[in-house]
Structure formats: C-alpha cells, structure tokens
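Walk through this structure one region at a time. Keep the sequence alongside the model.

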Amino acid sequence: MPSSPTLLSWLHKSVGASLGRRLAAIILVFSVGVTLLFTALQLGVEYRRDVSEIAARLHQVRSSYADSLASSVWTANPADVQLQLTGILRVPDLQYVEVLDEQGKALARAGHSLGEDQLSDSFPLYFTQRKQPVYLGRVRVEANLSGAWRRLQSKVPLILVTQSLQIFLVSLFILLLLQRQVGRHLKQIAADADKLSAGRMDQPLQLDRPASAVQDELSQVVTAMNAMRERVHQAFVQLQESEFRWKAALEGAGHGVWDFHIQTGEVVYSKRWMEMLGFAENELPHHIDTYKRLAHPDDQRLAFRVLEANFNGSSKRYAMEQRMMCKDGSWKWIVARGMVVEQDEQGRAVRMIGTHTDFTDRRNAEMEMARLLESAEAARAALREVNETMESQVRERTAQLERANKELEAFSYSVSHDLRSPLRGIDGWSLALQEDYGAQLDATGREYLARIRSEASRMGQLIDGMLEFARLSRTALAPRTLDLSAMAAVVAERIRASQPQRQIRFTIEAALQAEGDPRLIEAVLHNLLENASKFSASRSPAQIVFGRRQATPPGGAQPVDAFYVQDNGAGFDMQFAAKLFGVFQRLHRSNEFPGTGIGLATVQRIVQRHGGQIWAEAAPEHGATFFFTLGGTT
Amino acid sequence: MSDKTILLVEDNPSDIALTERALKRNNISNPLVVAQDGQEGVDYLFGEGAYAGRDTARQPVVVLLDLKLPKLDGLEVLRRIRADARTRRIPVVILTSSREEQDIAAGYDLGVNSYIRKPVDFQQFTETVRQLGLYWLVINEAP
C-alpha cells in the first residue's frame with residue numbers, strides 16, 4: 001500500500017514538496033493499484049462466466065444429443081453415430097467426444113483429447129424399449145479452456161486502458177479541485193504570513209473567494225491568523241513605542257547604543273553609534289570585530305581588561321573613556337558605558353548593553369584649557385622670572401641710582417663747601433684789601449682789584465647755578481595747587497625792588513592756577529621773569545606779561561593751553577632756539593647780558609619733571625615769548 | 001673772659017680771620033672764642049676736655065656754627081646743644097656755604113635760629129642779630 005514510509009519518502013524525494021503534486025502522486029499510485037485489482041477481479045469473473053458457458057454447452061450437448069445417439073447406437077448405425085459426434089464437435093470450445101459401451105470400450109470418437117485444461121462431461125446412454133430403459137453405454141465430452149483464456153487475454157488491454165483513463169481523469173479533477181479550493185488559499189495564507197513576519201500588518205487577511213462561504217477550515221485559519229495579526233500588531237506597536245522612546249531618549253541625547261552578545265560576538269550598533277563615527281546606519285558589520293577594528297589599540301587593551309571583569313562576573317557595569325577611529329581616519333573621544341543584562345549559571349556575562357557618547361569637543365576643550373592653563377602658567381612663570389629679573393634690575397638700578405645720587409650729593413656738597421671756601425677767601429680778602437688798602441692803590445690797581453672781585457663773584461654764581469640745577473633735578477616733588485598769579489606777583493615785586501632805577505611794567509593775568517611743587521615752580525617763574533627783565537633792559541618801559549593762552553608746541557599738532565612769559569626785549573634768532581635750554585648755553589655775549597647759562601636749563605628740567613614742556617618764540621629785537629605747560633595745568 | 005662771648009665753631013683759618021675782621025671792622029667787640037672743630041666747640045660749651053673746669057653757667061650769647069667740621073660735624077654739635085638744658089636756649093646761627101646746606105640743616109629741624117651765608121659780612125650779621133633780638137647783647141663800641 002502507498003502508506004508505507006519508504007514509499008512516502010520516495011515520493012517526497014521524487015515529486016518535491018508541493019502539496020498538490022504529492023497528493024496527485026499518492027492518488028496515482030493508489031488508483032493504479034485499485035485499477036489492477038479491479039481488472040483482475042473483472043477478469044476472474046469473465047473467466048468464470050466463460051467457463052460456466054462452456055459447461056452449459058456441455059450440458060446442452062447431453063440434452064440435445066443423448067436420445068438420438070442412444071437410438072443410433074441401438075440401431076448400431078456407426079455412420080450415423082459418427083455423424084452425430086462430428087455435429088457435436090461443431091459446438092464452440094468442444095474438442096473431443098467419445099462414446100463408450102457398457103464395458104468402457106470406445107465405440108466411436110471424434111476430435112483430439114488434450115488431457116489438460118479441459119472441462120469434461122459424461123452422461124449415460126439409455127434406449128427406452130417397452131418403456132424399459134436399456135443402458136447402452138456412456139458418452140464423454142471434453143471442452144477446451146484455452147479459448148476462454150484467449151478471449152480473456154484479448155480483453156485485458158482494453159480493460160486496463162479504460163480503467164486507467166477513468167482513474168487518471170478522476171485524479172486530475174480532484175487535484176484541480178483541491179488546487180482551486182485549498183491550495184490557492186493556502187498560498188495566499190502563506191504569503192500573508194510572510195508579510196506578517198516582515199512586519200507588514202496593515203491589512204487583515206481576506207481569501208479570494210465569496211465572502212458568504214461557509215465557515216470551513218480555511219475560514220478558521222484566516223480568522224485565527226487575523227486575530228494573531230491583531231495581537232502581534234498591538235505588541236509590535238507597543239514594542240515600537242517603547243523602542244522609540246528609549247531610542248529617542250538615547251539618540252536624542254547623542255548616545256549611540258550597542259548590544260553585545262558575548263558568546264557569538266554579535267554586536268548590534270545603533271544608527272547613532274555608526275553616525276558618531278561618520279558611518280551610515282548599518283554600514284559596518286554588527287560584530288565585535290567592528291569595535292576591535294575602530295577602537296584605539298591602547299584604549300582597546302584597557303577596555304578588554306575592564307570588560308574581562310564583566311565577562312567573569314566580578315563586575316556588572318562598564319565605563320571608560322576611549323578613542324575611536326572615524327570613517328575619515330580621525331579620532332574621537334568616546335565615553336563608553338555598559339551593563340551586563342544577561343548572565344549564565346556561572347555568573348558569566350552573556351549579553352551586555354551600553355552606550356557610546358562623543359565627548360571629543362569637551363575633551364578637546366579640556367585639553368585646550370589644560371594647554372592654555374599650562375601656557376598661562378608658563379607665561380606667568382616667565383613673567384614672574386622677568387619680573388624678578390626686572391625687579392632685581394630695578395633694585396640694582398635703584399641702588400646704583402641711589403649710589404649715584406649720594407655721590408652727586410656728596411659731590412655737590414663738596415663743591416659747595418670746598419670750592420666755595422677758597423673762592424670765599426679770594427672774595428673776602430680782596431674785599432679786605434679794597435677796604436683796608438684801597439686808598440693806597442692808584443686807579444689802575446683799584447680797577448684790577450674790582451675785576452678780581454667781579455670774577456670771583458661770577459664764579460660764585462656759576463657754582464650756585466650748577467648746584468641749584470643739581471638740587472632741582474633730584475629733589476622729590478611735593479606738588480599741590482598753586483596760585484601762579486600770586487607767585488609771579490611776588491617775583492615781579494622782587495625784581496622791581498632790585499632794580500628801582502628801571503621802568504618795568506609787569507602785566508600778570510589773574511587767577512592762574514596749576515599743580516606743582518611750590519619751590520620749583522617759584523624757581524621757574526623767577527628764572528623766566530628775571531630773564532625777561534634782563535633782556536628787556538634796553539627798553540623803557542620794559543613790558544613783561546605773564547598769562548595763559550592757546551599755543552602750539554614745536555612738533556605738536558594741536559594747540560595746547562600754555563602759560564607764557566612775554567617781553568619786548570632783545571629777542572633772539574629762532575635758528576638758535578634749540579640751544580636755549582642747554583646747560584651753559586648762551587645766545588648773547590656776556591658783556592651784553594650777564595648770565596650763567598644755567599637758568600633756562602633749570603627751568604626746562606623743572607617743567608619736564610612736572611610732565612610739561614617749554615618752548616620759545618622770538619625774533620631779534622622784537623622780544624621773546626616763553627611758553628610752558630605743567631602736567632596739572634588747570 | 002668777659003660776658004657776652006660769641007662762640008665761633010669753624011675750622012677754616014681764612015673764614016675765621018674774615019669773621020674776626022668783619023666783627024672788628026664793624027665795631028663788635030664781644031669776646032670771640034674760636035673752636036676749630038666740633039668736638040672743641042662741644043667741650044667749650046660743656047666745660048670738658050681742654051675746657052675742663054670752665055664755668056658752664058656763663059654761656060656765649062650766640063654760637064656761629066659751621067656745618068662741615070672735623071670730628072663732630074655742625075649738625076651733631078647743634079643736636080647736643082639742643083639736647084642739654086644748659087645750652088638749649090643759646091641762639092645758634094648756622095654759617096652756610098650755599099642754599100643747599102641751609103636746606104639740609106633746616107631738614108633736621110633742630111631749632112636753628114638763623115642762617116648766615118659765608119663770608120660773614122656786617123650786613124648779614126646785623127640783620128641776623130636784629131632777627132634774633134640779640135641786638136642789645138652785642139657790644140657796640142664806638143670806633
């Protein structure tokens with residue numbers, strides 16, 4: 001029978017997996033078997049019928065020929081008997097007939113006895129004489145069955161063909177019917193299931209057949225599938241929602257996610273994980289080798305040492321900073337965090353999930369900050385060093401300066417005392433000579449004496465001027481607000497008093513104020529007014545003005561507010577202006593205008609020490625104007 | 001020694017002579033004691049050293065004091081004069097060579113009564129005497 005396992009497996013192997021083809025094959029095998037069986041049965045029946053027909057013919061021979069044969073034998077007419085036997089042999093399938101007497105001796109025979117495959121019949125011959133049957137002998141008839149066999153054989157092909165055709169057609173019909181009613185829908189269900197597994201579950205399954213169809217097995221399958229689809233869809237939506245939530249949270253925060261299956265080496269890297277390193281989503285294989293390829297070798301060694309603690313179960317968490325190579329070959333600083341989410345019975349990690357966070361910018365900023373701090377520290381150190389050097393230099397210079405100042409002081413003192421002392425003697429004793437013995441000298445002698453005294457006096461003035469200049473240069477400033485107008489008035493009065501014979505008109509602007517050291521500024525006013533007076537000696541009246549106005553210093557772009565002392569005296573040629581303020585520089589011969597050549601140098605020094613400047617404008621015989629500013633001019 | 005002595009503390013012989021001459025020529029006949037260095041001046045005032053045994057109750061009416069002196073300098077002499085009750089009230093006139101010296105002396109604030117610019121001449125001297133109110137102490141002898 002076709003249900004045997006070997007046959008099924010052979011079928012399975014030879015016809016493939018299609019349900020329809022398998023079904024057709026099974027039907028074919030089964031129907032061939034049935035056809036053969038039925039053909040055999042039919043042939044058996046046919047044969048039996050044929051044999052019984054032959055038997056019936058044999059029997060017919062008895063009823064047809066018994067009486068006539070009996071009378072022929074009774075009459076002992078052998079020709080007639082023989083004729084009758086020949087007539088019997090004309091009956092189909094009969095091949096031999098013999099007539100035996102009461103001793104069994106053959107009286108007549110016709111045909112040939114075959115001995116086998118035969119059907120035989122024998123019947124007695126009675127002749128009725130005077131109503132008494134007289135036994136005459138027996139007749140034996142043999143029929144040949146080979147005819148029946150031949151007929152049977154000739155029927156076999158036809159029967160086989162018709163049976164086979166019938167079964168084949170029925171099978172085909174069943175197959176088509178199955179294909180139409182079941183197979184097609186099964187394919188649709190299968191396609192739908194495929195769609196389902198691919199995640200497309202927007203449409204419920206609807207078989208391509210009238211909706212009013214009865215609730216058969218297919219309908220139940222569809223209903224069950226649709227119910228399942230609905231449940232899966234809901235679960236899927238929930239899963240998606242949950243995944244969306246954590247993905248949005250993680251990826252939104254800039255974290256890439258990794259999911260490491262330790263035994264297989266599979267690592268699922270999220271989109272952001274890839275993007276962080278410049279790759280597209282899924283561009284890299286989801287395997288630990290990807291990590292090994294991209295992680296910085298130094299960091300990687302450390303990473304696996306840390307991971308080892310997770311793998312062997314001694315730690316469940318993982319965190320470290322490491323460098324990862326980007327697609328373009330650059331390095332990024334990544335904070336990798338993770339935790340063991342699955343362990344085996346021994347406590348070893350099976351699965352870990354974690355994140356990657358790019359902190360390159362922060363790291364760079366930190367490095368930059370550290371570098372800046374370092375360079376700032378270096379700069380500070382350098383500055384400190386420079387400062388120290390400078391301070392020590394300044395200290396050294398200050399000390400030098402102090403020494404120089406002390407030396408200068410000592411020198412000044414020495415000059416003032418020691419040089420002046422002999423000069424004082426010359427002056428004093430020449431005076432004594434003049435006073436005590438002047439009368440004894442003639443006019444020439446007295447003139448020489450006067451010259452000695454005059455020269456001594458001039459030398460004294462030079463020394464005084466020099467000392468004054470030195471003194472003004474090194475005296476500390478003690479500035480305060482000064483009433484220059486009042487100070488100038490005092491100086492002017494002094495000058496007027498010292499030269500009562502001259503007509504000098506001082507014009508002093510009121511309320512001129514400035515910040516300055518009173519003694520030094522007094523010296524400035526004294527020198528300038530004295531100068532003005534001296535160089536206007538030939539004028540009568542001499543006009544001297546002290547005031548304030550806008551004036552442009554030499555080389556200056558803007559006019560500035562400057563004090564000025566103006567006279568109507570001898571003036572000077574502007575081409576010599578540069579020599580005005582030099583020590584011991586004089587623009588006039590001393591027999592014209594006596595002087596040491598120190599006064600203006602002293603004035604300039606004082607003005608400069610006050611942060612101001614001094615300059616002059618003049619023309620020969622048209623007077624001169626000296627301008628000066630003070631840092632604190634108001 | 002008579003009263004109303006003038007003490008001149010000065011080391012320069014020329015200046016000493018000129019001062020003596022100026023005083024004499026101007027008819028100032030107060031006895032003049034000359035100390036040729038600071039130590040001698042101090043010794044005279046306090047009756048010590050060469051002047052041991054001098055009656056220190058009789059002090060000069062005025063001290064003319066040079067600043068630059070051998071041994072003790074003028075400022076030190078002045079300091080000692082002002083530090084001792086016996087001499088505290090004696091007028092001291094500083095003989096200066098320059099305004100510089102005057103500034104230095106003034107800077108010490110040691111109670112200088114006046115300054116005379118050397119060489120000492122009659123005008124300056126009489127002006128100083130007038131300033132100090134010592135005029136009646138100075139003996140004027142008719143020429």
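Start with burial in chain A: of its 634 residues, 35% count as buried. The model is predicted. Chain A holds 13 helices and 17 strands. Take its contacts between residues at least 6 apart in sequence: 59% of them join residues at least 24 apart.

Chain B comes next. Its 143 residues include 51% that are buried. Five helices and five strands make up its secondary structure elements. Along the sequence they follow the pattern β-α-β-α-β-α-β-α-β-α. Of the contacts in chain B with a separation of 6 or more, 64% come from residues 24 or more positions apart.

Return to chain A and its open sheet of four strands. The order is S2-S1-S4-S3, with antiparallel pairing. Which strands form the edges? They are S2 (106-111) and S3 (118-129), each pairing on one side only. Neighbouring strands in this sheet are turned by 15° against each other on average, direction ignored. Look now at S1(A), residues 94-101, and S4(A), residues 132-144. Seven bridges join these antiparallel strands. One bridge partner pair is A:Asp101 with A:Gly137 in S4(A). Helix H3 of chain A, residues 78-89, lies across S1 and S2. H3(A) runs at about 35° to S2(A).

Two helices follow in chain A: H4, residues 146-197, and H5, residues 217-252. How do they pack? Their axes are 11 Å apart, at an angle of about 5°. Angles under 35 degrees count as roughly parallel. H4(A) and H5(A) are therefore roughly parallel to each other. On the H4(A) side, the contact includes A:Gln181, A:Val182, A:Leu186, A:Ile189 and A:Leu196. On the H5(A) side, it includes A:Leu218, A:Val221, A:Met225 and A:Arg229. By class, the contact has 10 nonpolar, two polar and two charged residues.

A:His185 deserves a stop within this contact. It lies in helix H4 of chain A and is among the residues that meet H5(A). Is A:His185 buried or exposed? Its relative accessible area is 2%. Buried means under 20%, so A:His185 is buried. Leaving out residues up to four places away in sequence, A:His185 touches A:Arg180, A:Leu207, A:Asp208, A:Arg209 and A:Leu218. One of these, A:Leu218, belongs to the H5(A) side of the helix contact.

Further along chain A, strand S9 (residues 349-358) pairs with two strands described here. With S5(A), residues 255-261, S9(A) pairs in the antiparallel sense over seven bridges. A:His261 stands opposite A:Arg351 in S9(A). With S8(A), residues 331-343, S9(A) is joined by nine bridges, again antiparallel. Here A:Arg337 stands opposite A:Thr355 in S9(A). S8(A) and S9(A) form a hairpin with five residues between the strands. In this hairpin, A:Gly347 takes a positive phi near 85°.

Now turn to the largest nonpolar core, which has 40 residues. Those with the most contacts inside it are A:Leu484, A:Leu525, A:Leu528, A:Phe546, A:Phe626 and A:Phe628. Several elements of chain A give two or more residues each, including helix H11 (484-498), helix H12 (518-535), strand S13 (542-551) and strand S16 (624-628). Which element gives the largest share? H12(A) does, with eight residues. Apart from this core lies another, of 27 residues, among them A:Ile262, A:Val267, A:Phe279 and A:Ala303.

What does A:Phe546 touch? Not counting residues up to four places away in sequence, its contacts include A:Leu484, A:Ala488, A:Ile508, A:Leu525, A:Phe563, A:Val565 and A:Phe628. Of these, A:Leu484, A:Leu525 and A:Phe628 are also among the residues with the most contacts inside the core.

S15(A) pairs with S16(A) in the antiparallel sense over five bridges. A:Ile614 stands opposite A:Phe628 in S16(A). The hairpin of these two strands has five residues between them. There, A:Glu621 takes a positive phi near 65°.

Notes. Residues numbered from 1 in each chain as written. Chains lettered and ligands numbered in written order. Predicted model: local features only at pLDDT ≥ 70, side-chain atom pairs only at ≥ 80, totals over all residues. Heavy atoms only, no water. Core = buried A, V, L, I, M, F, W, Y, C linked by side-chain atoms within 4.5 Å. Buried < 20%, exposed > 50% of the residue type's maximum accessible area, 1.4 Å probe, protein only. Contact = heavy atoms within 4.5 Å. Axes fitted to C-alpha atoms, helices over the stretch in contact; angles between N-to-C directions. Parallel < 35°, antiparallel > 145°, perpendicular 65-115°, else oblique. Nonpolar A, V, L, I, M, F, W, Y, C, P; charged D, E, K, R; others polar. Pairing = 2+ DSSP bridges.
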